[in-house]
Amino acid sequence: MTMTEAGFHSVLVWAVVALAALTFISLLRFTAPYGRHYAGRGWGPEVSNRTGWIVMELPAPLLFACIYAVGDAAHETVPLALLALWQCHYLNRTFIYPFRTRTAGKTMPLAVALSGFVFNVLNAYINARFISHLGDYGPGWLADPRFLAGAALFFAGFALNLHSDNILLALRKARGAEYSIPRGGAFRYVSCPNYLGEILEWAGWALATWSAAGLAFFLYAVANLAPRALSNHRWYRQRFDDYPGERKALIPGVV
């Protein structure tokens, strides 16, 4: 019995959901070894932070665009609008953000970069293939409340993510390699508003695409970023005696 592409796509979507569960459980037990949490040993070969980041993210804009382009609906209005949402995030994340960070002399395990690369290959396929080929979006979808709410949520998350990144980057520029407490913006309420912004983006994507692929990616984003936010929050509280006690890790007033 031959599996159809739709069936194969469904299997991969469920694989992302399973990977989200595994990632969430693992990151609650073990802190991901990069950035401030990487001690520089015990994880095998290393690459520079900037190189590793670009390698890790590269499939998200490039492979996504290639897979999207061969879909039967690639030139239709709604898929093009969804493509624009996706690339709005990933062109910045892959080709702009790494060159704004102060990463001279810092490294990450090659295994981390490659694992991110593999995930982004899988995620790019399931999302790009759905919006440009397997999904069915008529022109009226642009006026559908699900698309409008999803796009609004996406851009709100993108703005929060970008503004929070700007605060962190300015802090690193001012203080160099020395860590300090970020202040201003949504940092008044949570330790990781940049992560919260990204989660909101992919919640918006799931809503705007109204797809199992989009939902799977949202679940993975939560599974990946929520434990990291908890780890960063603990790190700040352990490192700084004057860290604001009212701040939560990820969701204002909640956690």
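Predicted model: local features only at pLDDT ≥ 70, side-chain atom pairs only at ≥ 80, totals over all residues.
Trainee: How are helix H4 and helix H7 arranged?

Mentor: Helices (H or I, at least four residues) and strands (E, at least two) are DSSP runs, numbered from the N terminus. Axes are lines fitted to C-alpha atoms, for helices over the stretch in contact, and angles run from 0 to 180 degrees between N-to-C directions. Here H4 (residues 77-100) and H7 (residues 193-209) have axes that come within 10 Å and cross at roughly 160 degrees.

Trainee: What word describes the direction of H4 and H7 relative to each other?

Mentor: Angles under 35 degrees count as roughly parallel, over 145 as roughly antiparallel, 65 to 115 as roughly perpendicular and the rest as oblique. H4 and H7 are therefore roughly antiparallel. A crossing is left-handed if the near helix is turned anticlockwise from the far one by less than a right angle, and right-handed if clockwise; H4 passes H7 in a left-handed crossing.

Trainee: Which residues make the contact?

Mentor: Contact means heavy atoms within 4.5 Å. From H4 come Leu-82, Leu-85, Trp-86, His-89, Tyr-90 and Arg-93, and from H7 come Glu-198, Glu-201, Trp-202, Trp-205, Ala-208 and Thr-209. For the classes, Ala, Val, Leu, Ile, Met, Phe, Trp, Tyr, Cys and Pro count as nonpolar, Asp, Glu, Lys and Arg as charged, and the others, Gly among them, as polar. The contact of H4 with H7 has seven nonpolar, two polar and three charged residues.

Trainee: Which residues of helix H3 and H4 meet?

Mentor: Leu-62, Phe-64, Ala-65 and Tyr-68 of H3 meet Pro-79, Leu-80, Leu-83, Trp-86, Gln-87 and Phe-95 of H4. This contact has nine nonpolar, one polar and no charged residues. H3 (residues 62-69) packs with H4 at an angle of about 160 degrees, with the axes 10 Å apart, and the two helices are therefore roughly antiparallel. H3 passes H4 in a left-handed crossing.

Trainee: How does helix H2 pack with H4?

Mentor: H2 (residues 49-57) and H4 pack at about 170 degrees, with axes 9 Å apart, which makes H2 roughly antiparallel to H4. Arg-50, Trp-53, Ile-54 and Glu-57 of H2 touch Tyr-90, Arg-93, Thr-94, Tyr-97, Pro-98 and Phe-99 of H4. By class, those residues are six nonpolar, one polar and three charged.

Trainee: Which residues of H2 are buried?

Mentor: Buried means under 20% relative accessible area, exposed over 50%, partly exposed in between (1.4 Å probe, protein chains only). In H2 the buried residues are Asn-49, Gly-52, Trp-53, Ile-54, Met-56 and Glu-57. Their cover includes strand E1 (46-48), H4, strand E2 (107-109) and helix H5 (110-134).

Trainee: Is H7 mostly covered or mostly open, and how many of its residues are buried?

Mentor: H7 is mostly covered, with 15 of its 17 residues buried. Gly-204 is in H7 and counts as buried because its relative accessibility is 0%. Leaving out residues up to four places away in sequence, Gly-204 touches Gly-150, Leu-153 and Phe-154. The C-alpha atoms of Gly-204 and Arg-146 are 9.0 Å apart, although 58 residues separate the two along the chain.

Trainee: What about Ala-206?

Mentor: Ala-206 is also found in H7, and at 11% relative accessibility it counts as buried.

Trainee: Where is Asn-224, and what does it contact?

Mentor: Asn-224 is in helix H8 (residues 212-239). Leaving aside neighbours within four places in sequence, Asn-224 is in contact with Thr-23 and Leu-27. At 18% relative accessibility, Asn-224 counts as buried.

Note on methods
Residues numbered from 1 in each chain as written. Heavy atoms only, no water.
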